[in-house]
Amino acid sequence: MNRRKIVYDGEDIISDTYHDVSWEVLRRARDGDLVQSDAWVIGDRPHTDEVKTVILQYRQLLRDLPNTYSGETANEACDNYPPKPVI
């Protein structure tokens, strides 16, 4: 999840801003990523043990996000949103 919005005029940056997110928006994004990653962990998907570990760690980071980020606002939690693994 990315709060940053960069606007280009050709190759030049004309605006570089961050937008605010609410806890509701953050939770919807997190829940959507958990649902999407459900398909990665079903029993008949052939993954190596290393890939399974990466997927399970990512899912745990998503579940723990509201409790483990350093800050009090949804914006700070969003800035600590775990990146999707490349599998």
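**Exercise 1.** Which residue forms a salt bridge with Arg28, and how far apart are the closest N and O atoms?

*Solution.* Arg28 pairs with Glu24, with 3.7 Å between the closest N and O atoms. The criterion for a salt bridge is a side-chain nitrogen of Lys or Arg within 4 Å of a carboxyl oxygen of Asp or Glu. Last, check accessibility: Arg28 is exposed at 53% relative accessible area, and Glu24 is exposed at 56%. Buried means under 20% relative accessible area, exposed over 50%, partly exposed in between (1.4 Å probe, protein chains only).

The model is predicted: local features need pLDDT of at least 70, side-chain atom pairs count only at pLDDT 80 or more, and totals for chains, interfaces and linings use all residues. Residues are numbered from 1 along each chain as its sequence is written, and side-chain values use heavy atoms, leaving out hydrogens and water.

**Exercise 2.** Locate the salt bridge between Arg59 and Asp38 and classify both residues.

*Solution.* The N to O distance is 2.8 Å. Arg59 is buried at 12% relative accessibility, whereas Asp38 is partly exposed at 35%.

**Exercise 3.** How many salt bridges does a search of the whole structure find?

*Solution.* The search finds seven. Arg3, Asp20 and Asp79 are linked in a network of salt bridges.
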